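Reader: Before we go into particulars, could you take me through this structure feature by feature, giving the general idea each time and then the case at hand?

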Amino acid sequence: MKKKLLSIVLASALTLSMIGCGSSAVSGVSEQNDTTSDEADASDSKKSAEGNLNVMLETPVESLDPQQATDGTSFEVIADYTDGLMQMDADGKAVNALADMVDVSEDGLTYTFHIRNDANWSNGKPVTAADFVFAWQRAVDPEVASEYSYMLSDIGQIVNAQEIIDGTKDKSELGVKAVDEKTLEVKLNVPVSYFLSLMYFPTFYPVNQAFFESCADTYATSPETTLSNGAFILDEYQPAATTIRLIKNPDYYDSDKVKLVALNYQVIQDSQQALMSYQSGDLDTTLVNGEQVDQVKDDPSYKAIGAGYLWYISPNMKEVKELQNKNIRYAITMALNREAITTDVLKDGSAPTYTAVPMDFATGPDGSDFSADQEKFKDVCRYDATAAADYWNKGLEELGAKEITVTMIHDADDAPIKVAQVVKEQLETTLPGLTVELQQMPKKERVQRMQEGDFELGLTRWGPDYADPMTYLGMWVTKNANNYGFWSNSEYDEIIADCTTGSTAMDPKARWSALYKAEKLVMDEAVIFPLYTQCNAELISTNVSGIEFHPVALNRVYKNAEKK
Amino acid sequence: MAEATFDKANSYVPVEADFRLKGKTADDFVDTNFASQNFWKEVIARFWRKKSAVIGLVFVLIISFFAFLGPVMNEYTYSGQNLENKNLAPRIPIIEYTGLFDGHENIKTTSGTKTVNYYFEKKLPDTFYWFGSDNFGRDIWTRTWSGAQVSLIIAVAAAIIDMIIGMSYGLISGYFGGKVDMVLQRILEIANGIPRLVIVTLLLLVFKPGMITIIIALMLTEWVGMSRIARAEMLKLKEQEFVLASRTLGAGNMHIIFSEVLPNIIGSIITQVMFSIPTAIFTEAFLSFVGLGIPVPRCSLGSLISEGFNSFTTHPYQIIPPIIVMALLMLSFNLVADGLREALDPKLKEM
Amino acid sequence: MKKYVLKRVITAIFTLLAITLILFILMQLMPGSPFNDEKLNESQKAALYAKYGLDKPIVIQFFHYVVNMFKGDLGVSYKISKNTPITQLIASRLPISIGVGFAAVFIGAIIGLLLGLLAAFKRDTAWDTFATVISVIGVSVPSYVFALALSYQFGFKLDWFPMLYSAKDVVRSSVLPSVSLSMFTMASIARFTRAEMIEVLGSDYMLLAESKGLSGNKLVFSHALRNALIPIITVLAPLVVDLMTGSLVVEKIFSIPGVGSLLVNAIQSNDYNVVIALSFIYSAMYIGIMLVVDILYGVIDPRIRVAKEGD
């Protein structure tokens, strides 16, 4: 009772102070309060109501401009209210969305998309081929400086994209053309086998030029300055908001399938608060931290969802002479007990990985996963303490050293801090004479140091940009900025070139086996020490179904979600 | 002038015997009146009279004792991991028979509360983690005390360095006054105007993270308060007779500042140091929480709390020891500082 | 008096400019840049640097920045909320932080005052120790632990207050964060009140008042309290600014869309412009409040003005 009294006193003190402080904005809110208290009650009941899905976000949206956005959260929200030419189905395959028909030329260099007639923007204007031309030209425009412009150049291989990015050609020369209002023609430099699967990537989403120009500089900063052509319409949003609300789009061409009435996002950066909010019913789905898994693992709503990221350690083979020794590298990779890292430390369902391309995101021509067989490189990558010690002694002998000290840099985030500590302990106990020093830093700084070669060992991760092994294997070609180890192998470079722009590119089966060969080179040379493929431990309320999770591009799709 | 001309030859020459005191003993040479005014003696006496301050001092000493000896009291080290034995609840020999600290824990899962004792499940009859083990199977007892050690070292070092810098700065600024004071005070205003968090974070990003960097960062933000106090005291004292006297006797500026004025204000300086130690511990804890604390696997009280934060509802025993030690440490330093301040402040004396 | 105020205002402006310059230089020293992402190649980075004018010499950048600042333009965010004008980001967030901050100071000041008075009147008794311990415990546990404990007990278990900030229910959802924040103010005020009251109670005019036959409430309220309160106001003002820095973590925990959480995110993602703008605002508020306090204090107590002018 006393506590209750205290709380009343505190609450009234607070109200007083709010009125007392006299700041116009705040007192405005408290005046409003009388009128909104009913609404608040209404929204409380609305919250738990059928068809209102409440979702937790870890980070705020960085940008809702499809050509400027680069992070998963922004992509997810953009995709809620915008469709691309293609969208992802439940299995992550590209299926027709705004395009109802696609023609591919024999040589694989020309794609013709036919846009469906009932696709409209939320201001009533039809979605046209010109919207795509405008958006894609923006993506490569040096003035816009889109961070994902390489999706059109390096990866999409669209004619002239690279030249426009470099500033040698005008953006109007981009190899994309509106043949008529509803027909879009795209020309490529070389055949790109996964080109259709790029179309669901938000960088390729359309933007209506007239609307964009009417918003001036404020495009996509509020519900009024965004246009929807997808399943939902943006209802409440402001830059870096902690709450975002979307409501069903009644004019969506596929609106019969959309069962949710509204989608509410809440940014929560503290995992304890998130779990408590989930348990009290304020959230329908939330991410749980590794330590909380003990608490929820028996819950029927607990799920481990693949996040696609491959975590690995990259040795610097240019500057560090000890790491140039292959036996030392073998020793390190075999001394890592990946099983222990995932089951004892991370506990979120992450899977130990022994291949350079992680599991479950790239499906081959025969329908099987590229990295399903995790034992294919077991001669050079496995957990084997005795073999590790043998390689270690051999390596030390070759180097004429007794002790080695290496520094490992890693991000100052929860998971990498944990993993780095275990890695240090595992390496130091298995390999006598090795000292691993840890240095943690913000991610930006870690990336800069690795790209500049100012490190010895680096714990890093890579998320797939498109559903093809090339998103990983492309990294280790000579002089790639993300080839942190500065590894160079002409045979490898040749295979990769052949698979992207050469003769193998159009023969899926031959390409697939060539990619295997390339991966084997990386593993045989121990260019990287793969650790695990990241999973996110999530709680999804049992009355919610149909949320589609993907490791690539769009992490969560709510179009077919349902809440009873 | 007549008085001046007296007869030298006939005048009386005093002999030593004239001045011999009666009943000469050692005690007689002590001026009791002066002794009763011995400042420090009285301060100490007043300090001892204040019970809360004494309790604070005792706790500071106990925690310091454990901070340096606690980590070597069992076989574990602060960084030694044993993933087999992770997340074990506290278990202490002998006391375990009372049912407390016997290694059981109640885990509140979403499907109800369950009581488990992993020591039995994992068949570890002879394993004891007095405060439990963390998610890497490290001993929390060892980590708590070695964390307390790190926190204490950081805080005391930062407080002492900032005392030296802040004190000199304030004294010089106050003593010289005029232009010197104006320039020094403007610099101080600028240093004080930049949000602390920004300075500290930038420093920690620019330099290699580690204990020394944290000490420097804390020092850079805390010296301002110290210099204010030193300056104010100097302004009060510099017009007093003893300063004038020593200047007349030809003392140099530095001599006056550090040998004449400083001893007179050392009391308030020490009080301020005692207050700035808990502030430093706290700031370090805050830095740990935003990921800029002491690098792993070393730990401080702050980083232990941040580590335990995520298992707050799952394994609460992991966060409780560092919180209690930290709270006690903060409380004790504050009580000691309060006691010192009262003992030193003559205005409060009469009450 | 006018001359004194004018002098203070001019120094304040120069101090702020110096702070901005220092922030600029510090930002240059900061490792990494907002565009250090593994997915960006060199030419893209160069394009981004050119777009935001970061390729120009620092002196020119600084000059542009100051000129724009006087026009009320603080630049755009590079990372946290791409290309959004910072003034727009801050405009919606500052009132929220200030609201929560003021509420915290209010709660802290009231409780602190009561504890301080209790301790002063019952000096050296168990009450005194009790008040001291209570006020110190508030600052003995980090605010984030306190925030979590409050939110677990009163938000989750008892369900009295919302655990997360909500724009639809500002007052109720501000209770937990404000209380977690108020601890520091409470402890400072309690301590200060105690010391001031003890001094006032021991002063000659109190003795005089007592000897004139005044007693009880009249003595305490019209004489002692009034004289003790004036200096407390000067302590309170800078606490408000300190609080806003202290709210960084609490804002993150309660998902409050305020400026504190913005600053933390900005520092972590090297969003230079946001860091500089927010630091500048903090500095400006701090210096502004100190200025007002100094001037007010000069009005209340002319001795101080004379002393300051004499500096």
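Author: Let us begin with a pair of residues facing each other across two strands: A:F232 stands opposite A:K248 in β9(A). Bear in mind throughout that this is a predicted model.

Reader: In which sense do strand β8 and strand β9 of chain A pair, and over how many bridges?

Author: Strands are taken as paired if at least two bridges are found between them. Here β8 of chain A, residues 232-236, and β9 of chain A, residues 243-248, run antiparallel to each other and are joined over 4 bridges.

Reader: How many residues lie between β8(A) and β9(A), and which residue in the turn has a positive phi?

Author: The two strands form a hairpin with 6 residues between them, and within the turn A:A240 has a positive phi of about 55°.

Reader: Turning to the interface, how many residues of chain A are in contact with chain B?

Author: A contact here requires C-beta atoms within 7 Å of each other. On that basis, 25 residues of chain A are in contact with 21 residues of chain B. On the chain A side, α8, α9, α12, α14 and β15 each supply at least two residues, and the largest share, 5 residues, comes from α14(A). By class, that side of chain A has 9 nonpolar, 9 polar and 7 charged residues.

Reader: What is the secondary structure of chain B, and what percentage of its residues count as buried?

Author: Chain B comes to 13 helices and 2 strands, and 44% of its 351 residues count as buried, a label that calls for 20 or more other C-beta atoms within 10 Å. Among contacts in chain B with a separation of 6 or more, 71% join residues 24 or more positions apart.

Note on methods
Residues numbered from 1 in each chain as written. Chains lettered and ligands numbered in written order. Predicted model: local features only at pLDDT ≥ 70, side-chain atom pairs only at ≥ 80, totals over all residues. Contact = placed C-beta atoms within 7 Å. Nonpolar A, V, L, I, M, F, W, Y, C, P; charged D, E, K, R; others polar. Buried ≥ 20, exposed ≤ 12 C-beta atoms within 10 Å, placed from the backbone.
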